[in-house]
Amino acid sequence: MKADPSFYDYWPYQDRPKIRWPNGKKLAFWVAPNIEFYELNPPENPHRKAWPQPYPAIQGYGIRDYGNRVGHQRQMALLDKYGIRGSISLSTALCEHHPEIIQMCKDRNWEFFSHGIYNTRYTYGLSEQQERDMIRDSMETIYRHTGQHCAGYLAPALSHSELTLDLFAEVGTELFGNDAGFYTCDLFHDDQPTPIKLRSDKRFVSIPYSLEMNDTIAYVVNKVEPRRYGQMLKDNFDRLYQEGEESGTIMCIPTHNYQVACPHRMKAFEEALDYITSHPDVWVTTGREIADYYREHYYDAALADISAKLGANK
Amino acid sequence: MTDKVTDPNSPLHYPVRRYGMDHDLYDWSMLTDRPKVQWPNNKPLAVWVNINLEFFPLNQKGVPFKVPGGMTMPYPDLRHYSLRDYGNRVGLFRILKALDKFNITPTFAVNTELAIRTPYLVQLLKSRGNEVLCHGWNMDSLHHGKMDRADESELISRSVNQLRELTGQAVTGWLSPARNQSQNTLALLAENGISYCADWVNDDMPYRFKQDGLWAMPLSTELEDFYILGNNLHSETAYVDQINDACDFLLQEAATQGGRMLTLNIHPWLLGQPHRIQYFEQILSRLSQQPIWSASASDILQAFTAQQAAGTVES
């Protein structure tokens with residue numbers, strides 16, 4: 001076990017090379033709806049229980065099923081209204097279980113990235129080969145059902161191994177070259193993209209996917225009131241937009257159809273989206289487009305700056 | 001493409017990765033794909049206010065887990081026991097007064113053991129004539145997957161039948177304590193003449209279980225007083241906001257997608273407190289000014305299934 005994941009070096013937020021998003025925009029805004037499938041009866045994983053109650057744990061399962069049966073289309077209608085294309089963090093077995101949902105997202109040219117196969121299958125305890133196979137299955141499933149070369153990864157239920165990022169990048173390369181497997185949402189160390197060091201030396205970036213703005217973290221873990229969540233989203237935006245004057249920032253709202261799309265939470269979410277998208281210098285985009293743009297325009301400058309500042313640290 | 005893993009012991013084995021659900025309890029269906037529902041008098045929103053009348057044993061076993069709202073201190077946990085009892089002695093009467101003032105119809109989810117212990121309450125329910133549904137035996141008699149089928153069968157028939165005898169009602173509805181079920185619960189409910197179960201929270205509208213004759217009546221957990229005030233520790237004002245926002249949203253959705261249902265699950269020991277009752281009154285006052293159909297759970301289900309039978313609504 002390591003004391004430091006070794007994916008990135010210390011790189012202070014101030015005095016970095018200036019980022020400008022396409023058309024001079026200051027803030028890249030993306031919404032990442034998690035479209036997940038939780039199994040009612042997953043095999044037991046000794047490292048983590050899927051459900052707090054013995055099988056069948058219908059409460060937790062039921063509300064997540066609510067997301068797919070009811071919530072998904074509510075959120076979709078709202079994102080349509082504000083011209084936002086979702087970047088879906090996808091439990092890829094959902095392609096098999098609920099292809100209707102996948103079709104609606106395809107119709108809107110939304111991005112699909114891998115969130116593993118089921119959100120009840122954890123990385124813990126998998127061998128390197130098993131994790132590689134699982135990631136490969138998930139990326140192949142996305143390709144088979146959508147034709148997309150999966151660019152991003154958010155590990156299932158945020159369960160990782162030391163090799164998760166490496167394996168994702170390598171499988172992406174094996175399947176589709178540099179057009180797949182080039183960004184991660186698993187790290188929460190920054191408000192800008194950062195280059196990630198992998199054993200394969202692939203040009204690979206971390207794209208901020210905020211845990212603090214994540215509706216499940218806000219609502220379930222932090223027990224935030226819906227209207228306060230709406231206010232937090234606006235406050236988060238205001239500061240990142242202001243800082244974007246100096247150098248482009250990213251705001252992500254990770255959502256769950258079983259949280260944000262409940263009837264009592266829609267209003268606060270809508271007000272926040274309305275507020276954010278009404279600002280002129282916002283690039284409303286997807287995770288893949290941010291990662292692509294960054295790799296092309298800022299990756300090398302970032303590496304050089306990190307390297308120069310590492311020297312200054314010594 | 002990756003070969004299918006057939007070794008059942010592999011963590012990459014997915015035997016139910018297929019179209020629809022990963023179980024056989026009900027069919028996969030998206031709310032927006034279903035025909036529009038019409039409530040009586042063309043009201044867009046049916047409102048089901050469910051009042052829980054519960055008995056929390058002081059000597060709880062806590063199997064397979066401590067019920068939320070149950071005892072937390074070493075035996076005898078008088079403070080939690082008596083505060084729950086407060087709801088049935090005092091809080092309930094504030095709730096009833098508020099409901100009657102705004103002409104809102106309640107449905108009562110009753111633990112059968114409470115009905116046995118409090119004949120006064122049973123008389124009261126009888127005289128009011130509101131629907132009673134069975135909320136299991138008591139708040140420490142949980143239905144769970146490690147339970148013997150025969151034991152659960154006895155528990156369900158005892159709970160349902162004794163409540164029928166005591167109330168003189170058909171008692172066709174069911175809400176499990178802590179909403180926990182075993183893999184046999186749905187079948188056992190059907191065997192005992194139950195026609196709807198409110199445990200599942202995966203929809204905003206009724207739907208059909210594959211178990212013959214059994215319907216799901218979703219009773220929102222997310223809007224429940226205990227969840228918002230007791231679990232999330234939100235303010236009373238935030239509780240009111242959330243219900244108002246849900247009501248507004250569902251009314252708006254009903255305008256294009258057909259009748260919707262707003263379900264409020266209420267615990268008198270919590271909301272019947274002197275400092276909280278005014279917020280419940282605010283909710284009822286505002287609700288009573290909206291185009292709602294206030295009805296019992298059974299009446300709502302009947303209106304729904306009648307359209308289903310007429311072929312205008314599918315499950």
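**Notebook: helix pairs in chains A and B**

I began with helix α1 (residues 58-81) of chain A and helix α3 (residues 99-107) of chain A, whose axes come within 11 Å and cross at roughly 5°. Angles under 35 degrees count as roughly parallel, and α1(A) and α3(A) are therefore roughly parallel to each other. I note that the model is a predicted one.

I then looked up which residues make this contact. From α1(A) I listed A:Asn68, A:His72, A:Gln73 and A:Met76. From α3(A) I listed A:Ile101, A:Met104 and A:Cys105. Sorted by class, the contact of α1(A) with α3(A) holds four nonpolar and three polar residues, with no charged residues.

I turned next to chain B. There the axes of helix α1 (residues 78-101) and helix α3 (residues 119-128) come within 12 Å, and their crossing angle is roughly 10°. That angle makes α1(B) roughly parallel to α3(B).

For this contact I recorded B:Asn88, B:Leu92, B:Phe93, B:Leu96 and B:Asp100 on the side of α1(B). On the side of α3(B) I recorded B:Tyr120, B:Leu121, B:Leu124 and B:Arg128. By class, the contact of α1(B) with α3(B) comprises six nonpolar residues, one polar residue and two charged residues.

Last, I examined helix α7 (residues 236-257) of chain B, which has 22 residues. From its first C-alpha to its last, α7(B) reaches 31 Å, close to the expected 32 Å. Just after α7(B), I found B:Gly258 with a positive phi of about 95°.

How values were computed
Residues numbered from 1 in each chain as written. Chains lettered and ligands numbered in written order. Predicted model: local features only at pLDDT ≥ 70, side-chain atom pairs only at ≥ 80, totals over all residues. Heavy atoms only, no water. Helix = DSSP H or I, 4+ residues; strand = E, 2+ residues; numbered from the N terminus. Expected span 1.5 Å × (residues − 1). Axes fitted to C-alpha atoms, helices over the stretch in contact; angles between N-to-C directions. Parallel < 35°, antiparallel > 145°, perpendicular 65-115°, else oblique. Contact = heavy atoms within 4.5 Å. Nonpolar A, V, L, I, M, F, W, Y, C, P; charged D, E, K, R; others polar.
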